[in-house]
Amino acid sequence: MIASCLCYLLLPAARLFRALSDAFFTCRKNALLAKSSSPQVEGNFAMAPRGPDQEECEGLLQQWREEGSSQVLSTASEGPLTDKGLAQSSLALLMDNSGEQDTASEEKWSSRQLSDLRAAENPDEPYPEIVGEEPLPEVEGPMWAAIPMQTAPQYADCAVLPVGALAAEQWEEDPAVVAWSIAPEPMPHEEAPIWPFEGLGQMQPPPMEIPYHEILWREWEDFSTTQPDAQGLEAGDGPQFQFTLMSYNILAQDLMQQSSELYLHCHPDILNWNYRFANLMQEFQHWDPDILCLQEVQEDHYWEQLEPSLRMMGFTCFYKRRTGYKTDGCAVCYKPTRFRLLCASPVEYFRPGLELLNRDNVGLVLLLQPLVPEGLGQVSVAPLCVANTHVLYNPRRGDVKLAQMAILLAEVDKVARLSDGSHCPIILCGDLNSVPDSPLYNFIRDGELQYHGMPAWKVSGQEDFSHQLYQRKLQAPLWPSSLGITDCCQYVTSCHPKRSERRKYGRDFLLRFRFCNIACQRPVGLVLMEGVTDTKPERPADWAESVLEEAASEHEPVFPRTIGTIQHCLHLTSVYTHFLPQHGRPEVTTMPLGLGMTVDYIFFSAESCENGNRPDPRLYGDGTLKLLGRLSLLSEEILWAANGLPNPFCSSDHLCLLASFGMEVTAP
């Protein structure tokens with residue numbers, strides 16, 4: 001019984017002493033090594049000391065064994081619950097095992113120390129391999145390699161891309177990503193930088209800094225065969241007036257601060273307005289468009305900074321702030337050296353009393369006359385209608401977006417309509433908050449949309465709400481007749497021109513009002529006068545009230561309403577194809593919450609071609625307005641590599657759109 005109790009007590013005590021002795025040996029060894037060495041490299045690696053030689057190190061290790069063993073023996077003999085014989089035998093076993101481990105550790109440390117000393121003294125000689133130590137295997141797989149490029153001094157902002165970023169996906173060579181590509185083969189061994197530590201194998205160098213303007217490189221796609229001269233005219237089959245137009249949502253500072261959760265990935269410094277304003281102005285100066293259409297322009301920033309700066313660059317600007325309490329709006333700027341203003345029409349989508357049109361979005365329509373150099377003689381160019389807008393964002397309210405677009409198209413139809421009933425060249429651009437091939441996009445491009453019974457969220461295609469039980473559906477007619485716009489997106493006055501003859505109000509016509517209902521009622525507060533106001537007019541038996549009603553209703557406009565269909569006759573097509581031409585990846589103009597999509601567009605007038613016996617609305621030929629070139633867009637993967645939008649190079653959450661057009665110059 002006593003023996004069993006002693007076993008239960010002595011065995012745990014022996015294990016405790018064994019753990020204490022191991023900890024003591026380790027601490028003592030580290031202390032001695034710290035005294036005899038001085039680190040040469042910070043971090044997890046340390047170079048061996050140059051001072052003591054091999055014999056001095058062995059002496060220090062021997063002294064450490066003697067001191068450690070004596071201290072452990074004294075400590076073990078003073079324990080209150082230890083059996084002396086068991087403790088001595090257990091301690092002897094521990095000393096034997098620790099001696100073997102210490103001997104191996106000593107040999108390994110000494111070999112590593114000598115190897116590092118030789119490497120430091122002779123850096124050109126190869127490092128000797130340690131016997132019994134397996135080197136770490138080298139990392140296999142594609143490695144990122146930076147292609148050196150010429151960088152301009154004004155692009156000082158850089159981004160550090162991780163070495164393994166997007167390594168799993170094999171990208172094909174893309175001209176839009178000229179600065180980043182996968183190396184076809186691993187780097188040569190003699191040229192690859194290696195960390196100067198024995199046994200660590202070949203490690204990757206730290207990632208290189210790649211300028212943002214190289215990652216976000218955008219190419220100019222030229223569709224013209226001839227180059228314009230200094231006067232902006234092209235020589236080919238006939239002279240053409242060439243100009244460039246930019247559409248850009250520059251991100252209002254107030255809206256950015258109200259939705260700060262969308263920009264958590266951005267450094268606060270690049271969201272500062274002064275930083276963003278400098279970048280935006282640099283972008284305007286670099287591309288130097290002739291017409292500039294801006295959205296989300298904050299009013300105080302426009303009047304204090306943007307308008308004065310753009311005026312110094314040679315622009316004449318028009319601005320329309322959103323209705324209500326909104327602080328941003330749209331602006332259209334043009335160079336008076338290239339165009340002359342004919343008219344400017346601000347468009348407000350808000351209509352009091354209409355639930356369908358209770359939002360504060362706006363648009364701006366300008367009619368510009370191109371200025372041809374006087375040296376060309378008696379030549380003329382058709383006017384140009386430019387429309388800029390920012391449509392409601394709410395993905396659930398497609399009915400509101402269609403109504404807003406109908407108002408804008410009606411205004412464009414009125415401004416661009418010529419005396420013969422045709423339209424001058426039209427450019428419609430802006431942030432439409434709709435994705436390509438959505439019903440709203442197809443309506444602008446094809447000129448017709450059957451909307452009856454369509455879910456409202458489906459109009460823009462921004463998000464999918466098909467899983468929700470309740471869905472708002474569009475009903476016909478989409479807007480009331482009191483709006484004064486037909487289902488062909490035209491003002492009623494445009495469909496019913498004013499009559500040339502003036503109505504003559506003769507005595508017989510005025511006598512019709514003598515016995516109307518209002519005339520036969522006694523006015524309240526009328527003074528009673530005998531023989532004057534005390535009698536009630538007697539209506540003749542042959543007087544017909546319907547005659548008066550028919551005469552009064554002749555001037556009320558009556559226009560037919562189609563059932564569930566809206567149309568327009570402006571013949572518009574998009575500048576962009578919405579897919580990168582080489583690889584078919586979708587183009588991206590913005591990245592809300594990291595999801596790339598296209599919501600910004602430039603539409604222009606083009607004539608549809610016939611494909612066989614059936615007209616194809618997707619095929620267009622060159623009309624009065626010809627597309628000469630465009631600035632390529634980027635894919636979602638490329639913007640991810642630049643940390644999305646905004647970033648130090650692009651100071652908006654949208655990309656700018658830029659296109660070049662040519663207009664026919666005709667003789668009178």
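## The largest pocket

In this predicted model, the largest pocket has a lining of 35 residues. Those nearest its centre are S259, L262, E296, Y393 and N433. The pocket holds about 890 Å³ of space. Its lining is made up of 16 nonpolar, 10 polar and nine charged residues.

## Helices α6 and α7

Two packed helices are described by the angle between their axes and the distance between the axes. Helix α6 covers residues 273–287 and helix α7 covers residues 299–312. Their axes come within 11 Å and cross at roughly 25°. Because angles under 35 degrees count as roughly parallel, α6 is roughly parallel to α7. The crossing of α6 past α7 is right-handed.

On the α6 side, the residues in contact are W273, N274, F277, M281 and F284. On the α7 side, they are H301, Q305, L306, S309 and L310. Sorted by class, this contact of α6 with α7 contains six nonpolar and four polar residues, with no charged ones.

## Helices α8 and α9

The crossing of α8 past α9 is right-handed.

Helix α8 contributes K401, L402, M405 and L409 to the contact, and α9 contributes L440, F443 and I444. Of the residues in this contact of α8 with α9, six are nonpolar, one is charged and none is polar.

## Backbone features in loops

Most residues other than glycine have a negative phi, and most peptide bonds are trans. Some places in this model depart from that pattern, as described below.

D437 has a phi near 65°, a positive value in a residue other than glycine. This residue sits in the loop between β14 (426–431) and α9.

A cis peptide bond links A476 to P477, with omega at about -5°. P477 belongs to the loop that runs between β15 (448–450) and α10 (492–495). Another cis peptide bond joins L645 and P646, where omega is about -5°. The loop holding P646 lies between α13 (636–641) and β22 (657–664).

Methods. Residues are numbered from 1 along each chain as its sequence is written. This is a predicted model: local features need pLDDT of at least 70, side-chain atom pairs count only at pLDDT 80 or more; totals for chains, interfaces and linings use all residues. Side-chain values use heavy atoms; hydrogens and water are left out. A crossing is left-handed if the near helix is turned anticlockwise from the far one by less than a right angle, and right-handed if clockwise. Helices (H or I, at least four residues) and strands (E, at least two) are DSSP runs, numbered from the N terminus. Contact means heavy atoms within 4.5 Å. Ala, Val, Leu, Ile, Met, Phe, Trp, Tyr, Cys and Pro count as nonpolar, Asp, Glu, Lys and Arg as charged, and the others, Gly among them, as polar. On a 1 Å grid over the protein atoms alone, a cavity is a set of points where a 1.4 Å probe fits but cannot get out, and a pocket is an open set with protein on both sides within 12 Å along at least five of seven lines; lining residues have an atom within 4 Å of a point. Grid points are joined across faces, edges and corners, and a volume is the space filled by probe spheres set on the points. Axes are lines fitted to C-alpha atoms, for helices over the stretch in contact, and angles run from 0 to 180 degrees between N-to-C directions. Angles under 35 degrees count as roughly parallel, over 145 as roughly antiparallel, 65 to 115 as roughly perpendicular and the rest as oblique.
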